[in-house]
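This briefing looks at how parts of one chain meet. Please have the structure open while reading.

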Amino acid sequence: MARLDLRPRPALQPEYCKGCLRCVDACPKDCITQAGDLNATTGVRPVVLHLDDCNGCQLCIQACPEPYGLVPQKAPGETASGAKAPTAAHDPGEFELEDPTHLFGAKTSTLPAPVDLPGLALALPTTEPLMLKGTYAAALGALLAGCRHVFGYPITPSTEGAELMAKVLPHLGGSFVQAVSEVAAINMMYGCAGAGLPCMTFTSSPGFSLMLEGISYMIGAELPGVVMNVMRGGPGLGNIAPEQADIKLMTRGLGHGNTHAIVLAPSTPQEMLDLSRLAFELAFAYRNPVIIAADGYLGQMAGVVRLPATLTRPGLPAWAVWGDRAHRMNLVCSIQLSDTDLEAHNHHLNDKYADITKKEQRAETWLCDDAEVLLVACNTPARMAKGAVMDLREAGVAAGLVRPITLWPFPIDEMRAILTKRPRARVVVVEASPGQLEDELRLALSHAGLAPPPIQSVRRMGGVLPQRGEIVAAVLAGQDVAASGGVA
Amino acid sequence: MTTVALGPKDFKSELKPIWCPGCGDFGVLQALYRALSGIGRAPHEIAFVSGIGCSSRIPGYTTAYGFNTVHGRALPIAQGIKLARPELLVLVAGGDGDGFSIGGGHVAHAVRRNFDLTYLVMDNQIYGLTKGQLSPTSPHGLETATSPYGSLEDPVNPLAYVLSYGAGFVAQGTPADMPGLAKIVEEAIRYPGFAFVNIQSPCVTYGQEVQQMKVHKATMKTLASVGHDQTDRIAAMRLAQDYGKALYTGVFYRNPEPPPTFEALVRERQTAQGERPAREKILDRYLQRAT
């Protein structure tokens, strides 16, 4: 007898059943019940079919949300019916719900491979030194590094940098866009950096807080970009006077996840220009954002600034999503759904961080060779510390200054060399923060396996900077200024 | 709720405003004192929240409980206050940058949730506190510190924006007509639901010539004088299109049948849940399966 209209009954693939019970509700003949036994493979309870009353209506198969949970039974003699269900011991290569990036193997392409177009250094005519305020000097440094795209949101005391860019960039084929917020600004940078172009923003502490999410994404996607953070008093709204209380954020807290970025700390208008230039170089060398940590005084302070001998015409990196045939296969993103891939990516980032830590430590040391007292300070407080060193030397105390220029990586190699040479020196950390620079020093000493020397603190906060006389007095008296215990 | 006879002076704090001499916000403050004395709620029953900007200093100049909050986040904070203390009169103030640039995303959601809040935006088309940058309501072509060759962007239309999200009360005023503004603000506060007043408040230091008090006085036109029906939302929308071109003052739209507010619905739901179950019962509900 020919089988014409025999509808196949359902068959259960227990390893695909999640026990959602939709088929139980769907069955008009009450053939399906909830089971009691856990499936050893899946850890859930699959349904049980009792097919005595089954008329093969297949409503249960339609109700099943799983592609292979309930499938039509194979009729005798047939090799396959309905969906081609894989068995539990299927070849992983056959599983359709696999991560698409692994599904087809490496993509082949006939497109030309992108190549790195290196930047060009062009000679800059010698000019008289300029008298510039810090934010302007930083903007000029960025322009000389080839930055033509700036995004920002007004915030005192950093806005003038952006204002200068708004004036200058249209003449240089670039643009400044005032974003609706710092969140928008950092994401505009993400887009611009993804295209492989140098870009930056000017902001200050509260705005920097808002940018952290975007910075984490940029680090994850390995994008270069320069964030100028002209630090002001906090927490919260705080005030617009200089402080250094974002050091922790910049060195240890750049958004979520495993993040680090080089943090450059200028202390003169000249350095505002030099480090701003350097920041772009480092950002592209390591494909990572670079943070410039200035403070309110440095942003507003004017000083003599000499221009460098060259300016840079930026090239185009091979990884850029430039939007032409050669760059067609490039991918910029920070998502890695596979846990093993993401772990590998983090290992790659850690290697990069280790490489940076080895190669990019920078510090200025002054009169440290015979020092009994080592002042450690950066940004504007380093200027007061320098004055204090002179006063202390006059008073017969052999003082020296260690000024970290990179706050991350902390210049521990320099510190180690000095402490090896001057093992009895005591350290005085001078800062406009509740000990965040000191924390960096202590952490770096600890990681380097160095026993911490005696550390004294001179700390001011809220926009008040440590004064020269105050530092001298503290060193002479051997007493801390405003160092409350237990904040580390 | 206490209702007592209070004069405008009862809402004036001892803090002296540090706005530039001639700032439009002085007039707004006076109008607010008058409006609040008209309402008659005691200062301690008022929570006045603002964002960041020149105009956001305003809570400090009143005797109400004030909170100078985060840039752009005044509305979410006000909603938190209103949920915690629905019986308080909650006012929100800020500038155009605070409300329509960095805080722009919050406005739509505050409107559609319909908390009983009064949102006063002092719109001067410029960032004054940071010394003259582009604002979201700056007209196309405006030269500012961050748009030295003229802005390339079209401005936000606050009236049309808030209207289109379905706010029940939308009005506009100017300190050039302080008594009129006081009346508008009082009506806004009395509206049971989200009420928005766009106040064209001139910036004397960085604002445009055409946005100064004298010009306002000469060009302002009351909506009553053009025969506008306050309950006609479409007509309001049509008039709102003239934002930046004509200065209409008065109520653009007032919902004649105000829908229940968010906090009222929350209370209703709490009541509908009946008697509060004992803590053990709640724990049982979630723990039974696990044991």
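Chain A is divided into domain 1 (4-94), domain 2 (121-359) and domain 3 (363-483). The model is predicted. The points below concern domain 2 of chain A and domain 3 of chain A.

**Extent of the interface**
- The centres of domain 2 of chain A and domain 3 of chain A, taken over C-alpha atoms, lie 27 Å apart.
- Contact involves 33 residues of domain 2 of chain A and 25 residues of domain 3 of chain A.
- Between them, domain 2 and domain 3 of chain A bury about 2400 Å². Carbon and sulfur atoms account for 55% of that area.

**Polar contacts and salt bridges**
- Between domain 2 of chain A and domain 3 of chain A, 20 residue pairs are in polar contact, counting pairs with both residues at pLDDT 80 or more.
- Two salt bridges are found across the interface of these two domains.
- A:Arg403 and A:Glu271 form a salt bridge. Their closest N and O atoms are 2.9 Å apart.

**The domain 2 side**
- Several elements of chain A each supply at least two residues to the side of domain 2 that touches domain 3. The helices are α8 (247-252), α9 (269-286), α10 (296-300) and α11 (339-359). The strands are β11 (262-264) and β12 (289-295).
- With four residues, α8(A) gives the most to this side of domain 2 of chain A.
- The residues on this side of domain 2 of chain A comprise 20 nonpolar, seven polar and six charged.

Definitions and conventions: Residues are numbered from 1 along each chain as its sequence is written. Chains are lettered from A and ligands numbered from 1 in the order in which they are written. This is a predicted model: local features need pLDDT of at least 70, side-chain atom pairs count only at pLDDT 80 or more; totals for chains, interfaces and linings use all residues. Side-chain values use heavy atoms; hydrogens and water are left out. Domain bounds come from an automatic or database domain assignment. Contact means heavy atoms within 4.5 Å. Buried area is the accessible area (1.4 Å probe) that two parts lose on being put together, summed over both. A salt bridge is a side-chain nitrogen of Lys or Arg within 4 Å of a carboxyl oxygen of Asp or Glu. A polar contact is a pair of N or O atoms within 3.5 Å; within protein, one must be able to donate a hydrogen and the other to accept it, and residues adjacent in sequence count only if both atoms are side-chain atoms. Ala, Val, Leu, Ile, Met, Phe, Trp, Tyr, Cys and Pro count as nonpolar, Asp, Glu, Lys and Arg as charged, and the others, Gly among them, as polar.
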